[in-house]
Amino acid sequence: MDTWAATVRLSITGPAAPTAPTDAPQPLPQGITLDHCDPRQGRARMRVAVRALDVASAVSAAVEEVADAVSIWPGVITVVGVDVLRADEAAHLTAHPEPIDLVDDTGAGKLLGVTRQRVVALAGTPSLDFPCAVAPLTRGHVYTAASIRAFGDRWTRTTGRPRKVR
């Protein structure tokens, strides 16, 4: 039997989710950590270590443990994804993370074929569902290149100035 490290992604609808383990309606059981929670997006990510014979059993055990831990949280909680690695591989990835392809406003503009100023305008238009910045900088924002490319694929680009309404 191996030890597996699982990350369980949750979707939360209804009342706001806790932002930290201390805000939870009940303390989280030993071995489960609230890794990330964004109540505005209705998303949470929890980490848990489980003992199982194979990856399928590890997924089932992780989902069951997390479901029990959040069973009295308000709202409807749905598991939307599970990542499972052997514990030794998870420790290696934690010590040696894979590089992330990041771009700033200028780089995002190059990927989309627009100026940096246009990227700032696109990001400020809620109806476009522009990707969230990974981090704000003093001179703009940082995005994952993959999220900018995905936005470019679904964005219906219009040219020219909007018509004047008379």
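## A histidine to start with

Is His 141 buried or partly exposed? With a relative accessibility of 34%, His 141 counts as partly exposed. This value, like the others here, comes from a predicted model.

His 141 sits in strand β7. Setting aside neighbours within four places in sequence, the residues in contact with His 141 are Val 103, Asp 104, Asp 105, Ala 133, Ala 135 and Pro 136. Take Val 103 as an example: 38 residues separate it from His 141 in sequence, while their C-alpha atoms are 8.4 Å apart in space.

## The overall picture

Let's step back to the whole chain. The protein has 5 helices and 7 strands, and in sequence order they follow the pattern β-β-β-α-β-α-β-α-α-β-β-α. The radius of gyration is 20 Å, well over the 15 Å that the globule rule gives for 166 residues, so the protein is more spread out than a compact globule. Its C-alpha trace spans about 65 × 35 × 30 Å along the principal axes.

Of the 166 residues, 30% are buried. The protein exposes about 11100 Å², with carbon and sulfur atoms supplying 53% of that area. Among contacts with a separation of 6 or more, 64% are between residues 24 or more positions apart.

## Helix α3 and its cover

Helix α3 covers residues 105-112, and its buried residues are Asp 105, Gly 107, Ala 108, Gly 109 and Leu 112. What lies over them? The cover for the buried residues of α3 includes β5 (102-104), α4 (116-123), β7 (140-144) and α5 (145-154).

At the start of α3, a side-chain oxygen of Asp 104 comes to within 3.2 Å of the backbone nitrogen of Thr 106. After α3 comes Gly 113, with a positive phi near 75°.

## Salt bridges across the fold

The structure holds 6 salt bridges. In one of them, Asp 35 pairs with Arg 45, and their closest N and O atoms are 2.8 Å apart. Asp 35 lies in strand β2 (residues 32-38) and Arg 45 in strand β3 (residues 43-52), so this pair ties together parts that are 10 residues apart in sequence. Asp 35 is partly exposed at 33% relative accessible area, and Arg 45 is partly exposed at 25%.

Arg 149 meets Asp 101 in a salt bridge of 3.6 Å, N to O. Because Arg 149 lies in α5 and Asp 101 in the loop between α2 (87-95) and β5, the pair ties together parts 48 residues apart in sequence. Arg 154 meets Asp 129 at 3.9 Å, N to O. Here Arg 154 lies in α5 and Asp 129 in the loop between α4 and β6, so the parts tied together are 25 residues apart in sequence. Arg 154 is partly exposed at 44% relative accessible area, whereas Asp 129 is exposed at 52%.

## A nonpolar patch

Which residues make the nonpolar surface patch of about 300 Å²? Ile 100, Leu 102 and Val 134 do. Val 134 lies in the loop between α4 and β6 (135-137), and Leu 102 falls in β5 (102-104).

Note on methods
Residues numbered from 1 in each chain as written. Predicted model: local features only at pLDDT ≥ 70, side-chain atom pairs only at ≥ 80, totals over all residues. Heavy atoms only, no water. Buried < 20%, exposed > 50% of the residue type's maximum accessible area, 1.4 Å probe, protein only. Helix = DSSP H or I, 4+ residues; strand = E, 2+ residues; numbered from the N terminus. Contact = heavy atoms within 4.5 Å. Polar contact = N/O pair within 3.5 Å; in protein donor to acceptor, adjacent residues only side chain to side chain. Patch = residues over 30% accessible without salt bridge, like charges linked within 9 Å, V, L, I, M, F, W, Y side chains within 5 Å. Areas by Shrake-Rupley, 256 points an atom, 1.4 Å probe, with all protein chains shown as cover. Salt bridge = Lys/Arg side-chain N within 4 Å of Asp/Glu carboxyl O. Rg over C-alpha atoms; globule rule 2.2 N^0.38 Å.
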